[in-house]
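These notebook entries record what I looked up in one structure. I took backbone exceptions, nonpolar cores and a helix pair in turn.

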Amino acid sequence: MSPRTVDLRGRAVAVKVPATSANLGPGFDTLGLSLALYDELRVAVRDEPGATVQVSGVGAGEVPTDESNLVVRAIAHTFESVGIALPGLSLFARNSIPHGRGLGSSGAAIVSGIMAAKGLLEGVVEFDAQALLALANDMEGHPDNVAPALFGGLTIAWVTPEGPRFKKLIVHRGVSPLVLVPEHVMSTALARSLQPQSVPHEDAVFNLSRSALLVAALIQSPELLHAATEDKLHQSYRASAMPETDRLITLLRSNGFAAVVSGAGPSILVLCSDPSQRLAAAELVAREAQTAWQPLMLAVDFKGATVTVAAADEADTPAA
């Protein structure tokens, strides 16, 4: 069946999507945290067919600027899912989330496109939270990477025969995230290739206990974060691919900091129980690191992705 054409002329939207950190140590492929570092996007419907993309900030001059752009593909996927023809589009992106560093840049791009489509189709088609997660998971493949970008806060994600599901929890106000970002990148595919197909029974039980404890630590008892972020399922297997990340995590943890690999790495997430602890962790890395690491002292994002109607002429300028 051919997609139906809907007149969307004059429509424009502004989208804002946070960075994320998945796994959080023991919560492999399950837990994710939304961080207050954002990619911003403006999308306007235009008369000419096809899509044009302008990018400023991270990825400028590197990411595709035509229909192969991941954001455009996510918009197209959303339109296709409801049987509506994709109109011509002008996109202006201002990116702040580092690429290839384990902070959810590809998930943010996917969520940006889905939210843009949601906004453009407002009043024509409505998307609930489960539909948005299913669309994002179709493209990303792991709901823990996109759930926090969509919904904010701490998310628990799982997959059922009916599709992906999530639960959002509010993080304790004492939790102070520090992200340490290196200059080098890491391939998620490479990181996953280092995972064994099976793990010892005692390691699985170890991670079950720490994952449960981590949820309690993040929402109620931040003083338990160090014990709660221990992991035996994935970080040690990936250590050989990012030795400096592994060395610094070992150093931080030996000094009492709850440090873990952020997503597939190579960035490090330190979940501190107060801002002074976060400063101490950043100072330790500044003294001991053998390569350059950028410290980002971020808040937890509680809102997740947002989309608002923009004036057509406003959407014809780069995101401010």
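I took helices (H or I, at least four residues) and strands (E, at least two) as DSSP runs, numbered from the N terminus. The model is predicted, so I kept in mind that local features need pLDDT of at least 70 and side-chain atom pairs count only at pLDDT 80 or more, while totals for chains, interfaces and linings use all residues. Residues are numbered from 1 along each chain as its sequence is written, and side-chain values use heavy atoms, with hydrogens and water left out.

Entry 1: backbone exceptions.
I looked up Pro-266 and found it in the loop between β8 (259-261) and β9 (268-272). A cis peptide bond, with omega about 5 degrees, links Gly-265 to Pro-266. Most peptide bonds are trans, and most residues other than glycine have a negative phi. I then turned to the loop between β1 (12-22) and β2 (31-46), where Asn-23 lies. Asn-23 is not a glycine, yet its phi is positive, near 80 degrees. The loop between β1 and β2 also holds Asp-29, which has a positive phi of about 60 degrees. I classed burial by relative accessible area: buried is under 20%, exposed over 50%, partly exposed in between (1.4 Å probe, protein chains only). Asn-23 is buried at 3%, whereas Asp-29 is partly exposed at 25%.

Entry 2: nonpolar cores.
I used "nonpolar core" for a set of buried Ala, Val, Leu, Ile, Met, Phe, Trp, Tyr and Cys residues joined through side-chain atoms within 4.5 Å. The largest has 71 residues, and Val-43, Ile-75 and Leu-91 have the most contacts inside it. Helix α2 (residues 105-120) gives the most to this core, nine residues. Another core, of 17 residues, lies apart from it and includes Leu-252 and Val-285.
Beyond its neighbours within four places in sequence, Leu-252 has contacts (heavy atoms within 4.5 Å) with residues including Leu-180, Phe-257, Ile-268 and Leu-284.

Entry 3: a helix pair.
I fitted axes as lines to C-alpha atoms, for helices over the stretch in contact, with angles running from 0 to 180 degrees between N-to-C directions. The axes of α3 (residues 129-140) and α4 (residues 143-151) come within 9 Å and cross at roughly 140 degrees. Among the residues that meet are Leu-132 and Leu-133 in α3 and Val-146 and Leu-150 in α4.
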